[in-house]
Each structure stands twice: as C-alpha cells, then as structure tokens.
Amino acid sequence: MQVTNQVYQIQGVDVLDIAGQFGLPLYVYDADKIIEKVNELRSSFTGVNLKIKYAAKALTNISILRLMRQQGTELDVVSVNEARMGLLAGFEPQQILFTPSGVAFAEIEEAIELGLQLNVDSLPLLEFIGRQYGRAVPVSIRINPHIAEGGNIKIQTGHADSKFGISILQRPEIKAVTETYGIPVVGLHIHTGSDFKNADAFLRGAEVLFELAADYPDLRFMDFGSGFKVAYKEGDHVTDLADLGSKVSRAFQAFCERYGRELELWFEPGKLLVSECGSLLVQTNVVKENPSRTFVHINSGLNHLIRPMMYDAWHDIVNVSNPTGDEKNYTVVGYICETDTFATDRNLPEVRPGDILAFKNAGAYGYMMASNYNSRPRPAEVLVYEGQPYLIRRRETFDDLIRNQVDVPVLNAVTV
Ligand SMILES: *Cc1c(COP(=O)(O)O)cnc(C)c1O
C-alpha cells in the first residue's frame with residue numbers, strides 16, 4: 001500500500017472502496033507485491049539452477065497458489081491436504097515437496113500415492129520407507145544441522161533441541177538405513193528457522209549439507225529451506241537477498257564442481273513472498289479513555305491475527321479512514337475475552353469509532369492461523385490482481401460455525 005494524497009491504494013484501488021465492497025474485517029492481498037518478491041528472489045541468484053518452492057502454509061488460498069504457479073514457483077507443503085490444494089491449483093505432484101514433522105505413516109503413504117516428493121524428517125520414517133517401499137521411493141532427507149538462528153524461540157527449528165529433522169550427528173545411521181534398503185536419496189534439506197539476518201547463517205547450513213553430500217552420489221537437489229527475514233516495522237533488519245544470492249550462488253557452484261554434477265538449488269520461502277502483500281482491514285467499535293491509556297477496540301481479535309499475541313509480532317497500523325488526524329497514543333485491542341492486544345502505546349492519527357484500520361504485513365500466517373474462537377466467523381479474503389479486487393474466500397457465517405456440530409436428540413429433553 002502506498003499513500004497517494006492520503007488515499008490508501010492497492011494497485012490504484014482505494015482500500016476504503018474495497019472495505020465498502022466486501023465488508024470488514026477483511027484480509028486484502030496485493031498480487032503485484034507477491035510477483036515482485038518472487039522476481040526479486042529469483043534475480044538474486046546467478047549461474048545456478050534455482051527452484052523456488054513456495055511454503056504453502058504461509059498463505060494457502062488456492063488463488064494464491066495459482067498465482068504462484070503462474071509465476072513459475074513450485075511448492076513446499078507440510079500436510080497432504082496442503083498438497084491436495086496445490087494439485088487443485090494445477091501443480092504436478094512432482095513439483096510438490098512434502099516436508100512433514102512427525103506425521104502418521106498413513107499420511108506418508110497418501111503422499112507417496114499422490115506422487116509427491118517426500119522429505120524424510122526422522123530415522124523411524126526412513127526405516128519405514130525402506131521396509132515398505134525398498135528402492136521404489138526416492139527421498140530427500142531433512143537434516144538438523146544444529147545451528148541456532150532466527151528470531152522468536154518458537155520459530156527456531158535448527159538448534160540441537162529442536163524436534164525438526166534428523167541430527168547431523170546421526171550421519172552414520174542415515175547412511176546405514178539408506179544402504180540397507182537401497183533407498184535412493186535425491187535431495188538434502190535444511191530449514192533452520194525463521195528470521196535469519198544474514199547470508200552466513202544460510203552458508204553455515206549449506207556447508208553441513210555439502211559435506212554430507214559425499215555419502216550420496218545420486219542427489220538431484222539441495223534445499224536450503226527458508227528463514228528469510230522480512231521487515232515488520234521501519235528500520236527492521238531484513239535478509240539482504242542480493243548478498244545472500246551472490247554468496248550462496250558462488251558457494252553452490254563451487255560445491256557442484258567438487259560434486260561433479262550440477263544440482264538444483266531449492267529455497268522454500270513463505271513469509272518472504274506473502275507477508276508484505278497482505279493487510280488485515282478492521283473497523284473501530286469503541287474508543288475507550290481510561291485514566292492511564294486510551295483503548296481502541298476493533299471488530300477483530302487474536303482469532304483473526306494471532307501473531308502479536310503468539311510471537312510478540314509488530315504490525316504497522318494505518319488509520320485508513322482518518323490518515324490526517326492529529327497523532328494520539330493508543331493501545332489497540334481485539335474483542336476476544338482474554339488478553340488480546342495488537343499494539344501497546346502506538347501513535348496513530350486520531351482514531352474515532354467507525355474508523356478503518358489496516359494491520360500491514362499480515363499476508364503470512366495471518367488468515368492461516370485464524371480460528372473460530374469465541375464463535376467468531378473468519379474474515380473474507382480479497383486479492384487485488386491487475387488492478388481488480390477479487391473475492392478469493394467468502395466470509396464465514398453462523399452456519400459455518402455449526403456445520404459440523406451433531407444434534408443429539410436425547411439431549412433435547414429437559415429432565416429437571
Ligand atoms: C514454515 C516453513 C517454511 C517457510 O518459512 P518462512 O519463514 O515463512 O519463510 C519453509 N520450509 C519449511 C519446511 C517450513 O516448515
């Protein structure tokens with residue numbers, strides 16, 4: 001979104017018009033921003049066979065998946081249902097990397113039946129694949145390199161105590177299992193968490209895989225996961241993609257020469273591609289002046305955007321309907337009946353009842369982590385594509401809340 005004469009627009013469309021047309025609260029995504037991010041990432045790498053596997057869990061709407069496919073990305077999924085959505089969006093099974101975390105083997109079997117590329121995250125799973133399929137299922141192996149990196153502890157995945165992947169210290173065991181059953185290992189994978197600040201963290205992970213590659217002569221790809229840091233507020237440190245791209249490209253080229261073959265280089269960005277594109281638009285219900293602070297109560301809550309409460313995440317807030325008001329200090333809170341704070345002591349142009357606010361950078365892990373807590377329907381989603389806003393998910397209704405509830409007739413009798 002940019003400010004043009006104080007009118008907030010997405011691709012020339014006034015956000016207030018979008019709010020009027022589709023109602024609030026509402027998630028709005030800017031397709032141009034997604035396309036820009038894909039292109040920026042792609043153009044940061046040179047001389048390597050790069051594949052971008054969009055981490056679908058960040059924003060799994062089928063229209064977004066179609067846009068990604070249009071832009072030439074492939075997919076990384078963490079559940080078979082995410083893969084099914086990818087297939088609905090037109091991806092080929094082989095374009096989808098399935099990276100489960102300790103899921104039931106029955107789900108693994110479904111993934112194999114669908115023809116997905118399997119990324120193995122434990123020795124018991126590797127053993128299962130060997131026993132069940134012998135040489136028939138080529139796998140990639142998710143390694144835990146024991147590198148502590150990233151932001152909030154809840155999104156660090158590569159440190160020694162993390163549940164993710166197979167420890168690099170178990171290198172001999174991995175080799176033993178794959179050799180016993182003749183399992184073809186076609187990929188090596190790391191994903192060491194979110195919010196990496198610099199290329200060095202990626203390079204240290206890469207070195208671990210380069211060394212491990214000596215055990216596996218039939219590799220097709222190496223997957224360096226994600227963890228790109230995006231800016232949530234002005235001045236935030238972000239991953240320098242150009243620097244990362246040139247350093248990783250160089251290191252990977254050198255590795256391929258040593259290895260004797262050119263492999264594909266994969267990344268699995270989620271947040272990087274879809275965070276900035278999205279805003280959660282809400283309306284102000286009540287402005288309440290307490291002796292110590294002024295609360296802005298909005299028609300949304302942690303049930304729609306849990307990141308502030310879950311990760312202490314910062315989201316810039318724009319007063320869309322009163323951008324030129326005098327600045328005042330507010331605490332912006334949701335309507336959920338427990339602590340539900342979006343922002344504390346935030347300076348905003350004067351907020352009046354009815355004013356429309358936008359939480360920026362809400363594209364990734366926004367709608368996808370939304371729930372029906374407090375029996376609140378989830379918002380609608382709109383994608384602005386080629387200057388046109390499209391509804392890509394309807395707002396939920398009361399009927400959606402009771403759809404799966406089962407009426408037990410005996411409970412209808414009043415006995416006391
Ligand atoms: C969540 C996840 C990603 C995406 O992480 P971002 O921080 O959103 O880029 C990539 N790969 C795997 C395996 C993941 O679980």
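Predicted model: local features only at pLDDT ≥ 70, side-chain atom pairs only at ≥ 80, totals over all residues.
Residues are numbered from 1 along each chain as its sequence is written. Local features need pLDDT of at least 70 and side-chain atom pairs count only at pLDDT 80 or more, while totals for chains, interfaces and linings use all residues, and side-chain values use heavy atoms, without hydrogens and water.

Helix 7 spans residues 171-181; helices (H or I, at least four residues) and strands (E, at least two) are DSSP runs, numbered from the N terminus. Ile 174, Val 177 and Thr 178 of this helix are buried, where buried means under 20% relative accessible area, exposed over 50% and partly exposed in between (1.4 Å probe, protein chains only). These residues lie on the same side of helix 7 because they cover an arc of only 95 degrees around the axis, taken from the directions from the helix axis to the C-beta atoms. Their packing partners are helix 6 (123-133), strand 9 (139-144), strand 10 (166-167) and strand 11 (185-189), with contact meaning heavy atoms within 4.5 Å. Pro 172, Glu 179 and Thr 180 are exposed on the face turned away from the buried side.

Ile 317 belongs to strand 16 (residues 317-319) and counts as buried because its relative accessibility is 11%. Beyond its neighbours within four places in sequence, its contacts include Val 332, Leu 348 and Phe 359.

The unreviewed UniProt entry annotates Arg 307, Tyr 311, Glu 338 and Tyr 365 as "binding site"; such annotations may be inferred rather than shown by experiment. Arg 307, in helix 11 (residues 307-311), is buried at 4% relative accessibility. Glu 338 is partly exposed, at 45%, and sits in the loop between strand 17 (327-333) and strand 18 (341-349).
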